[in-house]
Amino acid sequence: MSGKEAAATLARVKRFFEAVADLPDDPACREHLQALGADAAETEQVMALVAKDRAAVTHFSAPLAAVVASSGAPELKPGDRLGPWVLGAELGKGGMGQVFEAQRADGLYEQRVALKLLRGFAGEAALAQLARERRILATLSHPHIARLMDGGSTPLGRPYLVMEHVQGERIDAWCGARQLPLAARLPLFDQVCQAVVHAHGQLVVHCDIKPGNVLVGADGRAMLLDFGIAQLQGREGGEPNALTPRYASPEQLAGAPATAASDLYSLGRLLDELLAAAPDAAARADEWRAIVARATRTEPTGRYATVDALRADLRRLQAHLPLQALPRSAAYLTRKFVRRRWPWVLTGAAALLLSAVFVRQLVQERDRARQAQAQALQAQNAAEQVSDFLVSIFEGADPRRGGRPDMPVLDVVHQGRDRVDAQLREQPALQSTVKSSLARVYENLGRRDEAVALLQQAAALERLPAVNRPLEEAELLSRQAMVLANHYRGPEALKPAKQALALRATRVAADSPEMADSHNTLGWVLTELNRFDEAQPHLDQALQIRLRRLGPDHLDVAGVRHNLGMLALGRERYAEAEAQFRAVLQAKRAQLPATHYSVLSTQGMLVRALGPQHKLDEGQEVAQQVVASFTALLGPDNARVGEALHELAVLQRDAGRTEEALATYRRSMQIAVATGGARTTKVAVSLNNIGGAQNHLGDPAAEQSLRESLAIRRERLPAGSVFIARAEAALARWLLARGRIDEARPLLAQSEAARAATLPAGHGDRVESRLLQAQLALAENRRVDAEQALDGRAALDAGLRSGLRIERLRLLGHLRSDQGRPAEAVTAQRQALQLQQDKIGATHPDTARFHLELAQAQVQAGDRTGAWASLAAAQALLPPHHAKSPVRAWAARLGAALKDKPSV
């Protein structure tokens, strides 16, 4: 049976089942099957299954791959194409399925990968679970983990994964071929442990650590393959051989879910195999075998608490320090001391015959060893307690303990937060650690207020005399500042950012990673506060430290460059920002999957740089990609999806798709309300932009949107904030256009004062305030003041936004009309119209009012023919405008005036 025949067979069977699933009785089912062309044997087979469980038939969805497998015909072979990948040679076959070498073939870029066709997935639920797990695994980014890059289903429904292709030898073969001693094998094994620690930090377990899943490349770097694949296969209908019995933990072999302790067991087995084959293994077999025995105990609670604890004991082994895996007998401690200090002991023995001095130092060494042991035990106990607590908060959703299996994740986390103070009251250090972890969860869920509160509480705990960990406090303060700054709360972020820098400056080196973090954080906070000249040296310092320590391609270097791009955006240097973001994207895409959270965040900022440069088509395309990727990664209602939708709406409005932009703004605001509440700064930003779009369409509802945005900002932000000033300016513009001068005047004064206090003189916001003051002066017949405000030397600066240059020309045209200089008024309005068309296109609805401005100036200048032509051009652009739009009323008045006014 060919692949196509198999597909046709299954389609036929599924059609039969779907046809009879909802029929009330057997005679009706039989009759319907015969009508579909089923023969007698087929009818009896279907009816037998229906009789067993009619409800199950409704969800009948046996995978096509099973039919293909039963026929013995492979679905795919070398040379076939799967999505953007062309299959090459088969690299292997086993319990998990087939592995092919593959090459990217869509022309975007060259890439060699390993494509794995998986076995053991049956039904839509299993495939959906695979998709969710695949998204999680794709976030793993570590120099010793082979990345998951893509995935999907074959034409016949068989799932596949696309992994980074790693060339190298199995770790056991690589060590054996080179006859590496213990001292060379242990650092290689530590690379594997580092990869596992990183994954466990992301709540991902490997489930199948073994020599075949660790390859060592020509550069001596170990790479851990197939992260989580054994676990994926075990979720639904998994194959028994998805696990490797020699390396699987006892609880896995018993059918229990894999945990971090299971991975630790497998690491112990791998360590045993590597060290036993070392040429000098016997010399210290008692010690390394004790470490292996501790890692591979039958009961998970008897093993090392974490992989880091295993690594710590291996470092002690290398340094000839007492091990946690062995009893602390006096003889053992003495032996370890003598091994580390043998030249001193030998000299002392010859000179003093093991005098009291040696005895005293030996006792001190013993005491230090005991102290180190106590500290290690304390750290181990702390790690276990934190782990137990974090696990316990999820027991509320365990139906076996009377919980709700459908409890939302947020409710579970809320319960954990509420229990921290009660259950860990006597352990402030543990309280701090747990609160720090929960803060990160809240931040990832888009609940930034809760995250900030927990970080503040954790930092306060670190300051207690009983804890007194200033570097941990500094890290918490730095995180707190970042969350606040990312949430439009720059003034609140400044204090913790500075405190973190001060704490670190007196305790670590000036070029340390911690100082780089503080400079980066403070630079970003100052950028959010529009204090660009102060931000620049901090970001430059962070970049220099990280470049020196990490090299130009490291992701932490890309993180600083991302913030430098944000600084360029704040300075309205859009081409510079675009260049920074494109460089950052290149670095991130070389190391991370295309759908990684960090890649998408930088893409979103690239969108902000493209819009003001009128690269609207590319900007909308990138924005739509970001929305789709965040939706697939995080779900449709995540805060990040809402933020990406907001950026897309900005570009849609700039492109003249104002109605579409309104719908996108509203969807973005719905997500903001659902994830953070109705009175957040995000909601205020959405309302302001909704009001702006409504204003462009002449919808009277704009006023309510603008007022609500301003009200929320005044509630949430400190007085004098530039974000409040922007909302005041937007509402004042609306009021001025409707002649409500007394209401607009105080708003303009407040907005201008706040901007003057915080922004440089040439900033676009300050120029906007100046132009609004010119509009107010024109409305109040103060022509001299208007002339001064419209002084062209600053407004025509090449770096100024085109929208402000257009507005200046429009207002200048009004001023010249008021001054009885109609020819100059026509020139100014014509220039404004031309710039507007260059900016957003001749057919953009917003261009209608510029045609009307020109028509009005032409009437005053006596050019009725030109006025009629301008009016006609405006009327052609009116359909998108609201029925009560002032632009429509203006066009009607002008048309009536042109009809009634005698020819000049």
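Leaving out neighbours within four places in sequence, the residues in contact with Asp-654 are Leu-616, Ile-840 and His-844. This comes from a predicted model, so everything here describes what the prediction shows. Asp-654 itself belongs to helix α28, which covers residues 639-654. Is Asp-654 buried, exposed or partly exposed? With a relative accessibility of 29%, Asp-654 counts as partly exposed, because that value falls between the 20% limit for buried and the 50% limit for exposed.

Zooming out, the chain has 904 residues, and 50% of them count as buried. How many helices and strands does the chain have? The count is 41 helices and 9 strands. Contacts can also be sorted by how far apart the partners sit in sequence. Taking the contacts in the chain with a separation of 6 or more, 59% come from residues 24 or more positions apart.

Then there is the matter of confidence. The average pLDDT for the chain is 79, and 76% of the residues score at least 70. Which scores go with residues 1-7? There the pLDDT is below 50, and the stretch makes 11 contacts in the model beyond near neighbours in sequence. Residues 372-389 also have a pLDDT below 50, and for this stretch the model has 21 contacts beyond near neighbours in sequence.

Next up is a pair of helices. Helix α7 is made of residues 171-178 and helix α11 of residues 260-276, and their axes come within 10 Å of each other, crossing at roughly 15°. How are α7 and α11 arranged, roughly parallel or roughly antiparallel? Angles under 35 degrees count as roughly parallel, and α7 and α11 are therefore roughly parallel to each other. The crossing in which α7 passes α11 is right-handed. On the α7 side, the residues that meet α11 are Ile-171, Asp-172 and Cys-175, while α11 brings Leu-270, Glu-273 and Leu-274. Sorted by class, this contact has 4 nonpolar residues, 2 charged ones and no polar ones.

Now for His-165, which sits in a loop, with β6 (159-164) on one side and β7 (169-170) on the other. Is His-165 buried or exposed? His-165 has a relative accessible area of 18%, so this residue is buried; the limit for that label is under 20%. With neighbours within four places in sequence set aside, His-165 is in contact with Leu-91, Glu-101, Arg-112, Val-113 and Ala-114.

Where is Asn-468? This residue lies in the loop that runs between α19 (448-462) and α20 (470-485). Its relative accessible area is 54%, so Asn-468 is exposed. The loop holding Asn-781 is the one between α34 (764-779) and α35 (783-789). At 53% relative accessibility, Asn-781 counts as exposed, because the cut-off for that label is over 50%.

Key. Residues numbered from 1 in each chain as written. Predicted model: local features only at pLDDT ≥ 70, side-chain atom pairs only at ≥ 80, totals over all residues. Heavy atoms only, no water. Helix = DSSP H or I, 4+ residues; strand = E, 2+ residues; numbered from the N terminus. Buried < 20%, exposed > 50% of the residue type's maximum accessible area, 1.4 Å probe, protein only. Contact = heavy atoms within 4.5 Å. pLDDT = per-residue confidence, 0-100. Axes fitted to C-alpha atoms, helices over the stretch in contact; angles between N-to-C directions. Parallel < 35°, antiparallel > 145°, perpendicular 65-115°, else oblique. Left-handed = near helix turned anticlockwise from the far one by under 90°. Nonpolar A, V, L, I, M, F, W, Y, C, P; charged D, E, K, R; others polar.
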